[in-house]
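Colleague: I would like to learn how features are read from a model such as this one, taking each idea together with its case.

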Amino acid sequence: MTLDLVVVTGLSGAGRSTAAKSLEDLGWFVVDNLPPGLLPTMVDLGLRSNGAVERIAVVADVRSRAFTSDLQTALDEVRSRGVTPRLLFLESTDEVLLRRFDSVRRPHPMQGEGRITQGISDERLLLQDLRGAADLVLDTSRLNVHHLRGKIAEAFGGLAPLKVQLTVLSFGYKYGLPVDADVVLDCRFLPNPHWIDELRPQTGLDAPVRDFVMAQAGAAEFLDSGARLLALLLEGYLREDKPFGLFAIGCTGGKHRSVAMATALAARLGSSADVTLTHRDLGRE
């Protein structure tokens, strides 16, 4: 089997943690702060996983003065196993790094008893050869978190287009609002099938209830408006690197109207998002 390996390193404070989270969201198996000597072992485990792990990202930081030689040795061992690692190096200007360390009020890992500026200078000198060997160098001085995540996605996201992981949720107001919803729509303005004897025991997943709900005045307009709103939000989520969204539609009990509407809305989205349809309160009565 083939194994993709990315080693993320660079200056402390330049965004290694953000890069790691971005790769994890892209489906990479991420190991943070792995000692360089364990890198070949991690690769061996990936090669023996029978395809369960195909993309590994390892974040390596400065632990000792021997860091660069240890990492170079580990990379050579990995190459001897037929795996070609890609090296991502993150850096920033001294001014930006100083500001970041000041904002989190943490010492630089190499400053010892000295000043942060000395720690940054020593680390930059220590890593200069590693920077020169990097496959990709990203200067994060002028990148916010969202922009950095976008750069990572461009470089390591693969050929498939990025999509928002969207949950379309139906719920019943009598059981409480979904507190984690990004958007909540209320379809209680539609006549309630609960008051029709033959429809009461059925749910919004059943054709008679679905047809009844969709035939009501305003139902089609409600669905069209919800679809347009979602399309607008999805475009914005992608621009702002918001990978997850929860769009909730509620009725009184979460059994008829909201279930039918949520199902229809999820079907409208097609391939524009990775959609999970959830009926929170169905069967709760």
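Colleague: In which loop is Gln 111 found, and is Gln 111 buried or exposed?

Modeller: Gln 111 is found in the loop between helix H4 (94–104) and helix H5 (116–126), where helices (H or I, at least four residues) and strands (E, at least two) are DSSP runs numbered from the N terminus. This is a predicted model, in which local features need pLDDT of at least 70 and side-chain atom pairs count only at pLDDT 80 or more, while totals for chains, interfaces and linings use all residues. Residues are numbered from 1 along each chain as its sequence is written, and side-chain values use heavy atoms, with hydrogens and water left out. Gln 111 has a relative accessible area of 16% and is therefore buried (buried means under 20%, exposed over 50%, partly exposed in between, with a 1.4 Å probe and protein chains only).

Colleague: Which residues does Gln 111 touch, not counting those up to four places away in sequence?

Modeller: Contact is taken as heavy atoms within 4.5 Å, and Gln 111 touches Ile 116 and Gly 119 when residues up to four places away in sequence are not counted. The C-alpha atoms of Gln 111 and Ser 121, ten residues apart along the chain, are separated by 9.2 Å.

Colleague: What is the order of the strands in the open sheet of five?

Modeller: Two strands pair if DSSP finds at least two bridges between them, and the order in this open sheet is S2-S3-S1-S4-S5, with parallel pairing. Strand S2 (29–32) and strand S5 (136–139) are the edge strands, each pairing on one side only. Neighbouring strands are turned by 20° against each other on average, direction ignored, where axes are lines fitted to C-alpha atoms (for helices over the stretch in contact) and angles run from 0 to 180 degrees between N-to-C directions. Helix H7 (residues 145–156) packs on this sheet, touching strand S1 (4–10), strand S3 (55–59), S4 and S5, and its direction makes about 165° with that of S5. Strand S4 (residues 86–91) pairs with S5 over four bridges in the parallel sense, and Phe 89 has Val 137 in S5 as its bridge partner.

Colleague: How many aromatic pairs does the count come to?

Modeller: A pair of aromatic rings is described by the distance of the centres and the angle of the planes. Rings of Phe, Tyr and Trp (its six-membered ring) pair if their centres lie within 6.5 Å, with planes under 30 degrees apart counted as stacked, over 60 as edge-to-face and the rest as tilted; by this rule the count comes to three aromatic pairs. One of them is edge-to-face, because the rings of Trp 28 and Phe 156 have their planes at 85° and their centres 6.3 Å apart. This pair links distant parts of the chain, with Trp 28 in the loop between helix H1 (16–25) and S2 and Phe 156 in helix H7, 128 residues apart. Both Trp 28 and Phe 156 are buried.

Colleague: Why is the pair of Phe 189 and Phe 222 described as tilted?

Modeller: The planes of Phe 189 and Phe 222 stand at 50° and their ring centres 5.5 Å apart, so the pair is tilted. Phe 189 lies in the loop between strand S7 (183–186) and helix H8 (207–214), and Phe 222 in helix H9 (residues 219–239), 33 residues apart. Phe 189 is partly exposed, with a relative accessible area of 47%, whereas Phe 222 is buried, with 14%.
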